[in-house]
Amino acid sequence: PRGRVLRPDQVLRVAGEGMPYKKSDARGDLYLVVKIQFPEDGWLKDETALKRVRDVLPKAHPEIKTDTVDEVEYDEKASLDDFGAGSGDPRAGAEWEDEDDDEDGAPQCAQQ
């Protein structure tokens, strides 16, 4: 769509452009999943070309001023596969036990 930003894994539906229905001239909807491949760091080395790219992009927001900045370390090559249950991290919730499991499904508080 002109003037709109496409995002990774966004789904677009094009009405009436999909597979035809049996024994009919009608067509279903076509669904498109947006897959975006970003360039590698340093792909644009020419300053003139870089300026032309910056000229067509929205202007940057002003820098946020703050009294305290926390310096943190981060992993640029992290994966969500390393997150959550099965990751080996004890904080991930894989060891979660529900207290209600031991009560044979009976309610904790009986109606009076």
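Predicted model: local features only at pLDDT ≥ 70, side-chain atom pairs only at ≥ 80, totals over all residues.
Visitor: With which residue does the side chain of Asp29 meet in a salt bridge?

Guide: The side chains in this salt bridge come to 3.0 Å, N to O. The pair links distant parts of the chain, 16 residues apart: Asp29 is in the loop between strand 1 and strand 2, and its partner is in strand 1. That partner is Arg13.

Visitor: How far apart in space are Gly18 and Gly28, C-alpha to C-alpha?

Guide: Gly18 is found in the loop between strand 1 (11-14) and strand 2 (30-33). Among the residues it touches, not counting those up to four places away in sequence, are Gly28 and Asp29. Gly18 and Gly28 are 10 residues apart in sequence, and their C-alpha distance is 4.6 Å.

Visitor: Is Gly18 buried or exposed?

Guide: The buried class holds residues under 20% relative accessible area. Gly18 has 7% relative accessibility, so it counts as buried.

Visitor: How many residues apart in sequence are the parts that Asp9 and Lys35 tie together?

Guide: The side chains of Asp9 and Lys35 meet in a salt bridge at 2.7 Å, N to O. Asp9 lies in the segment before strand 1 and Lys35 in the loop between strand 2 and helix 1, so the parts tied together are separated in sequence by 26 residues.

Visitor: Which residue forms a salt bridge with Lys51?

Guide: Lys51 is exposed, with a relative accessible area of 52%. The closest N and O atoms are 3.0 Å apart, and the partner is Asp55.

Visitor: How many salt bridges does a search of the whole structure find?

Guide: Pairs already described include Asp9 with Lys35, Arg13 with Asp29 and Lys51 with Asp55. For the whole structure, the number of salt bridges found is three.

Visitor: What is the area of the nonpolar surface patch made by Trp43, Val53, Val56 and Leu57?

Guide: One of its members, Val53, is in helix 1. Residues of a patch need over 30% relative accessible area, and Val53 is partly exposed at 31%. The area of the patch made by Trp43, Val53, Val56 and Leu57 is about 420 Å².

Visitor: Which residues gather in a patch of negative charge on the surface?

Guide: One member lies in the loop between strand 2 and helix 1 (47-56), namely Glu40. Glu40 is exposed, with a relative accessible area of 64%. The residues of the negative patch are Glu40, Asp41, Asp75 and Glu76.

Visitor: What share of the 112 residues is buried?

Guide: The protein has one helix and two strands, running β-β-α from the N terminus on. Its accessible surface comes to about 12,100 Å², of which 51% belongs to carbon and sulfur atoms. Of the 112 residues, the buried share is 5%.

Key
Residues numbered from 1 in each chain as written. Heavy atoms only, no water. Helix = DSSP H or I, 4+ residues; strand = E, 2+ residues; numbered from the N terminus. Buried < 20%, exposed > 50% of the residue type's maximum accessible area, 1.4 Å probe, protein only. Contact = heavy atoms within 4.5 Å. Patch = residues over 30% accessible without salt bridge, like charges linked within 9 Å, V, L, I, M, F, W, Y side chains within 5 Å. Areas by Shrake-Rupley, 256 points an atom, 1.4 Å probe, with all protein chains shown as cover. Salt bridge = Lys/Arg side-chain N within 4 Å of Asp/Glu carboxyl O. Lys, Arg positive; Asp, Glu negative; His and termini not counted. Charge placed at Lys NZ, Arg CZ, Asp CG, Glu CD.
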